[in-house]
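My notes follow as numbered points, so please have the model open alongside.

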Amino acid sequence: MRFLIYWLRLKGLKERMRFLGISLVLLVGLLTITSYSFTQYRQTETNQINSMRMNGAIQQTTIDSWFATRASEIRILANLQTYKNIDLDSIQQNMNFFMKNQHEFEALSYVNKEGIVEFSTMNQIGVYFSDRTFYDEALKGKEYISDVLMGKVSKQPTILFSAPIIDVNNQFLGAVYGTVTLETIDHFMDQFQNGNSGESYLMDTNGYLITDSRFAENRKKLEFKNESEILKRAKIGIESAAVYTNYRSNQVFGTYQLVNNSKWIAVSEIEKNEVLHSFYQQLMVMSVIIFIVLAIGLIGMLQLAKHIEQPIQMLLRGVSRLQNGEYDYQIHYSDLKTAPMELIQLCEAFNQMSQNIHENELQLKQQKEDLAVSNGELEQFAYVASHDLQEPLRMVASYVQLLAKRYKGKLDQDADDFIHYAVDGSQRMQSLINDLLAFSRVGSKGKEFKIVDLGIVLQHVLANLQQAILENGAVITHDTLPTLTADPTQIAQLLQNLIGNAIKFNDASRIPTIHIGVQRVGEDWQISVQDNGIGFDSQYKERIFLIFQRLHTKSKYSGTGIGLSICKKIVERHGGKIWVESEMGLSTTFYFKLPDRGDQQI
C-alpha cells in the first residue's frame with residue numbers, strides 16, 4: 001500500500017481518503033462478483049451434471065428393460081413348443097397371433113433342429129441358418145441377442161432375439177427367433193433430448209452410431225464413427241459425467257451409461273453455452289445490482305471522506321495560521337454537524353489551545369514590554385550612576401594623589417600605607433565605574449550596523465595591543481576573515497577583549513600562540529580565538545561570562561571581571577552566541593557565532 005501511494009503520488013489527505021474509499025468499494029465489488037460467479041457457476045454445473053446422471057440412469061433402465069422384455073417374449077414363444085413332436089400348425093398359429101398383438105418385432109421365424117426355416121412371417125421358409133451365431137447358441141441351449149444388423153427388408157438397423165426349443169426330455173427341437181427394428185429405441189432417445197443444443201444417442205463400443213444424430217443427417221447409422229472423449233471415458237470406465245468436446249467440436253456437458261450388457265453406450269449431451277446461458281443472464285443482472293449498490297456505497301464513502309476531510313482541513317489551516325503568529329485564530333465548526341465526534345472534540349481542543357496560546361502571548365508580550373522598560377531604566381540608571389560618579393571620584397582620587405605626593409615620607413609608615421590604600425582603592429573604583437559604563441553602553445549607546453571587513457577590524461585591534469604583544473612575545477595568526485553586517489566598534493571591542501585575555505593569561509613556560517579561526521556553519525559565521533595559555537577548569541565555563549566574576553586574584557592578574565560579560569552582551573546584540581572550551585594547563589578556545597545578513601544594514 002505504501003508503495004502504491006508513493007507511486008500514485010497521493011500526498012494529500014483528500015487524495016488518499018478518496019483513493020482508499022474507491023479502492024475499498026471496488027475491492028468489495030470484485031470480491032462479491034467473483035464469489036457469486038464462482039458459487040453460481042459451480043451450482044449450475046453441479047445441477048446440470050446431476051440432472052444428466054438421473055436421465056442417464058432412466059435411459060439405462062428403460063433400454064435394458066426393453067431388451068429384457070423382447071428376450072422374454074421370444075422365450076415365451078419357444079416354451080410354448082416344449083413337447084416331443086413339433087406341431088408346425090400350432091407354431092404358425094402362435095406366431096401369427098403374437099405378430100397381430102405386438103408392434104416391436106419385424107418378423108418371427110421357426111428353425112428346426114437341422115437349421116432350416118420351417119415357418120417365417122416374412123416368407124423365409126427353406127432358408128438354411130446353420131451358419132448363424134444364434135443357431136449355434138440355440139444348439140447349446142442358450143438364448144441369444146445379436147449385435148445391430150442391417151435389415152434386409154426394412155433396410156434399417158435391426159436386432160435378432162432367439163431362444164431354443166427344448167422338449168420335456170431336454171432334447172433340442174429347434175429355435176424361435178425374431179428381428180426388431182430400433183424405431184422404439186429411437187423414440188426412447190428422442191425423449192431425452194436436452195434443450196435446444198442437446199441430444200441423446202446410442203453407439204457401440206467401437207464408436208459407431210446406432211441411433212440417428214439430431215444435428216447431422218449425413219452421419220448415418222452404423223457408418224459414422226464417434227471418436228470424442230466420451231467414448232474413451234466409457235472404455236476406461238472413469239467418471240460418467242464430464243465437460244468435453246463432442247463429435248461436433250462443441251464444448252458440452254455429457255454423461256454415458258452402459259446398456260445391453262455393456263455392448264452399447266447411451267450418451268446424453270448438451271452444449272455448455274446453453275447450460276450457462278441462464279447463469280450469464282443472472283450474472284449480468286447481479287452485476288447491475290452490485291454496480292448500483294457499489295455506486296451508492298461509493299457516494300457514501302466519498303461523503304464520509306468529505307466529513308472527515310473538512311474538519312482536518314480546518315485544523316490544518318488553523319495550525320498554519322498559528323504558525324504565522326495568528327494566535328487568536330478560532331475554528332468555526334458549527335456547520336460540521338455530521339463530522340465524527342472525535343474530530344469535533346479535536347476542533348474544540350484546538351480552539352481552547354489557540355485561546356490559551358493567545359492569552360499567554362499577550363501576557364508574554366506585556367512582560368516583554370515591562371522587561372524592556374525595566375532593562376532600559378536599569379541601563380539608564382547604570383549609565384547615569386557611573387557617569388555621575390566620575391566627577392566626585394576624580395575629585396577624591398586627585399586629592400588623595402596630592403596627599404601622597406606632598407606628604408609621602410613626612411609622616412609615619414602607617415600614614416603612608418593608608419594613603420597608598422586610598423589611592424589604590426580610588427583607582428580600582430574608577431576602573432570599575434569605567435567598565436560598568438562600557439557595559440551599559442553596549443545596549444544603549446551601540447552604533448548602527450553596517451558592512452564591516454573583519455580583517456581590517458583585526459588590524460586595528462592588533463595595533464591597539466601592539467605593546468602587550470611585544471612585551472609577551474606573542475605569535476598571532478588568523479584565517480581569512482569574512483565581511484559582516486555589524487557594529488564595527490563593538491566587534492573591535494569583542495576581538496580586543498578575547499585576544500587581550502589570551503595574551504594576559506599566557507603560560508610563562510612557552511611562547512604565547514594565538515590563532516583566530518573562521519568556519520562557515522549554515523547561515524552563520526563561526527569565529528574562534530584559540531590560545532595555548534593556562535586554561536581553566538571546564539566547570540567554570542558558564543560562570544566566567546557573569547559580570548564581576550573572576551577566577552584569579554587581582555594581585556596576580558589585573559582586571560575587573562567584566563570584560564567577558566561585555567563580550568557576551570555584544571554577541572547577543574548581534575543575534576549570535578558565545579561559548580568557551582578549555583583544558584586546564586593546555587589551552588582555551590572562545591567561539592562565537594554571528595549571523596550572515598549579507599549586504600543588509602540595520
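Which residue in S17 is the bridge partner of Asp531? That residue is Thr588, and the points below set the pair in its surroundings.

1. **Ground rules.** This is a predicted model, where local features need pLDDT of at least 70, side-chain atom pairs count only at pLDDT 80 or more, and totals for chains, interfaces and linings use all residues. Residues are numbered from 1 along each chain as its sequence is written, and side-chain values use heavy atoms, with hydrogens and water left out.

2. **Confidence.** The mean pLDDT (the predictor's confidence in each residue, from 0 to 100) of the protein chain is 78, and 78% of its residues reach 70 or more. Please be careful with residues 126-131, where pLDDT stays under 50 and the model has 19 contacts (heavy atoms within 4.5 Å) beyond four places in sequence. Where pLDDT is low, the predicted coordinates should not be read in detail.

3. **Overall make-up.** The protein chain has 13 helices and 17 strands; these are DSSP runs, H or I of at least four residues for helices and E of at least two for strands, numbered from the N terminus. Of its 602 residues, 38% count as buried, where buried means under 20% relative accessible area, exposed over 50%, and partly exposed in between, with a 1.4 Å probe and protein chains only. Among contacts with a separation of 6 or more, 60% are between residues 24 or more positions apart.

4. **The five-stranded sheet.** The open sheet has the order S12-S14-S15-S17-S16, with mixed pairing; two strands pair if DSSP finds at least two bridges between them. Strand S12 (475-478) and S16 are the edges, each with a single partner strand, so one side of each has no neighbour in the sheet. From one strand to the next, the twist averages 15°. Helix H12 lies across S12, S14, S15 and S17, at about 170° to S17; axes are lines fitted to C-alpha atoms, for helices over the stretch in contact, and angles run from 0 to 180 degrees between N-to-C directions.

5. **The largest core.** The largest nonpolar core has 38 residues, and Ile491, Leu494 and Phe592 are among those with the most contacts inside it. Such a core is a set of buried Ala, Val, Leu, Ile, Met, Phe, Trp, Tyr and Cys residues joined through side-chain atoms within 4.5 Å. H12 (488-504) is one of the elements giving two or more residues to this core, and its seven residues are the largest share. Ile491 touches Leu454, Val457, Ala486, His574 and Leu594, not counting residues up to four places away in sequence.

6. **A second core.** A separate core of 32 residues includes Met95, Phe105, Leu108 and Met189.

7. **The four-stranded sheet.** This open sheet has antiparallel pairing in the order S7-S10-S9-S8, with S7 (199-204) and S8 (241-245) at the edges. Its twist averages 35° from one strand to the next. S9 (residues 251-259) and S10 (residues 264-271) share eight bridges, and Val259 has Trp264 as its bridge partner in S10. Helix H6 (residues 229-236) packs on the sheet, touching S7, S8, S9 and S10.

8. **A buried loop residue.** Ile562 lies in the loop between S15 and H13, yet Ile562 is buried, with a relative accessible area of 1%. Ile544 is 18 residues from Ile562 in sequence, and their C-alpha atoms are 9.1 Å apart.
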